[in-house]
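Thanks for making time for this.

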Amino acid sequence: MSAQELTVSPERLGAEIRELTRQAKAMTLYYGVEIGRRLEAAKSMVPYGGWGTWLKENTEFSQATATRFMRVFNEYGAAQIGIFGAVPESSTLQNLSISNALRLLAVPEDEREEFAEAVDAENLSARELEKAIKERDTARQERESALRQANSDSLRAEHAKKEAEEAYEKLRGMEDELTAAKDEACRMADELEALRKRPVEVAVQRDEQAIRDAEAKVRAQAETELRKKTDEWKKQTIKTEQEIERVRKEAEDLKQQLEAAKAMAEAASSDAEKERLTGEVEALRKKLAMSDKDVTAAQLYFGQWQSAFNQLTQAVARIEDTEKASKLRAAIRAQLGAWGKTAEEVS
């Protein structure tokens with residue numbers, strides 16, 4: 001029944017309120033709703049500006065207390081409690097004290113009944129209920145903060161992984177350029193050697209000083225280019241190792257967030273909270289799987305090994321001493337075989 005359906009006089013409503021107050025020293029939610037309903041009706045009838053005077057003359061309430069009772073009616077009345085002895089829709093909330101009913105307004109309406117049942121709000125003191133609500137709010141804030149932090153860590157881990165992959169590709173390109181520079185230097189050296197071995201009659205005609213100058217210039221350019229490429233390769237290697245370490249640290253942070261989320265899921269007081277937290281745990285687990293620093297490191301080291309092996313085989317191919325070249329090839333094959341056995345043992 002709404003406030004408008006009460007058509008009695010304000011004086012009659014005041015008398016009913018006093019009687020209900022006398023009968024309900026325990027102040028369960030039912031009585032609070034009924035008092036609030038009558039206060040709403042009376043306020044709609046009292047002329048503007050006379051509400052405070054009417055309360056003082058007809059009730060024991062201050063305006064603040066009356067406002068709280070009217071809020072109890074608006075929050076619990078229509079949906080929870082019937083009128084004049086009707087069976088309440090919620091058995092959990094019907095025996096709440098007014099004090100506890102007001103404190104429960106801090107809990108969202110769609111979660112209020114479940115929370116009240118979980119903490120046995122009917123049998124808690126006002127202080128105990130207030131503490132339980134604060135603990136609930138704190139736990140929710142910690143969960144939300146942990147989830148936000150986990151999402152942030154995941155984004156940073158993905159960014160670090162992408163940067164590491166780009167660094168790896170750049171390193172591969174630099175290695176190729178370094179190899180090409182070395183090959184060019186070898187080619188120019190071969191050309192200079194061929195010039196030296198030309199017949200005497202040709203050598204007499206050539207400008208020896210120009211050849212020496214050209215040789216020095218080519219060698220200096222080759223050495224400068226090689227030094228530059230080597231320095232860049234070293235710097236990129238250092239940066240790559242730093243990226244790997246950053247991915248490792250961020251992966252550790254994700255593991256800690258995952259453990260915290262698991263602990264909160266186990267401590268959840270309701271099935272709904274457990275289900276929600278379980279989903280968060282699964283999401284964190286997937287994000288953690290994406291931040292594998294060992295995979296990133298393995299990719300980088302494998303690329304470096306490939307580059308070194310290519311350079312080694314090219315160097316052996318240029319050896320003119322057949323016997324020495326044959327021995328080196330045999331040593332390479334033996335080492336590759338040993339590495340193959342080691343890889344099988346590891347797997």
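This is a predicted model: local features need pLDDT of at least 70, side-chain atom pairs count only at pLDDT 80 or more; totals for chains, interfaces and linings use all residues.

Let me begin with the charges. Side chains of opposite charge can pair when their charged atoms come close. In this structure there are 11 salt bridges, and I will take a few of them in turn.

One of them is between arginine 12 and glutamate 16, whose side chains meet at 3.2 Å, N to O. Both residues sit in helix H1, which covers residues 10–23, and they are four residues apart, about one turn of the helix. Arginine 12 counts as partly exposed, because its relative accessibility is 47%.

Another salt bridge joins glutamate 75 to arginine 112, with 3.6 Å between the closest N and O atoms. This pair links distant parts of the chain, since glutamate 75 belongs to helix H4 (residues 63–80) and arginine 112 to helix H6 (residues 109–119), 37 residues apart. Are the two partners buried or exposed, or something in between? Glutamate 75 has a relative accessible area of 27% and is therefore partly exposed, whereas arginine 112, at 6%, counts as buried, the cut-off for buried being under 20%.

A further bridge brings together the side chains of glutamate 130 and arginine 103, at 3.4 Å, N to O. Here too the pair links distant parts of the chain, with glutamate 130 in helix H7 (residues 126–196) and arginine 103 in helix H5 (residues 98–104), 27 residues apart. Glutamate 130 is partly exposed at 33% relative accessibility, and arginine 103 is partly exposed at 30%.

Salt bridges that share partners also join Arg12, Glu16, Glu34, Arg37 and Arg38 into one network. That brings me to helix H2, residues 29–45, which has 17 residues and reaches 25 Å from its first C-alpha to its last, close to the 24 Å expected at 1.5 Å a residue. The buried residues of H2 include Glu34, Arg37 and Arg38, and also Leu29, Val33, Ile35 and Leu39.

Finally, the surface. Phe302, Trp305, Leu336 and Trp339 make a nonpolar surface patch of about 390 Å². Helix H11 (293–317) and helix H12 (322–346) are the elements that give two or more residues to this patch. Tryptophan 339 lies in helix H12, and with a relative accessible area of 42% this tryptophan is partly exposed.

Notes. Residues are numbered from 1 along each chain as its sequence is written. Side-chain values use heavy atoms; hydrogens and water are left out. Patches are made of residues with over 30% relative accessible area and no salt bridge: like charges are joined within 9 Å, nonpolar side chains (Val, Leu, Ile, Met, Phe, Trp, Tyr) within 5 Å. Accessible areas come from the Shrake-Rupley method with a 1.4 Å probe; for residues, only the protein chains shown count as cover. A salt bridge is a side-chain nitrogen of Lys or Arg within 4 Å of a carboxyl oxygen of Asp or Glu. Buried means under 20% relative accessible area, exposed over 50%, partly exposed in between (1.4 Å probe, protein chains only). The expected span of a helix is 1.5 Å times one less than its number of residues.
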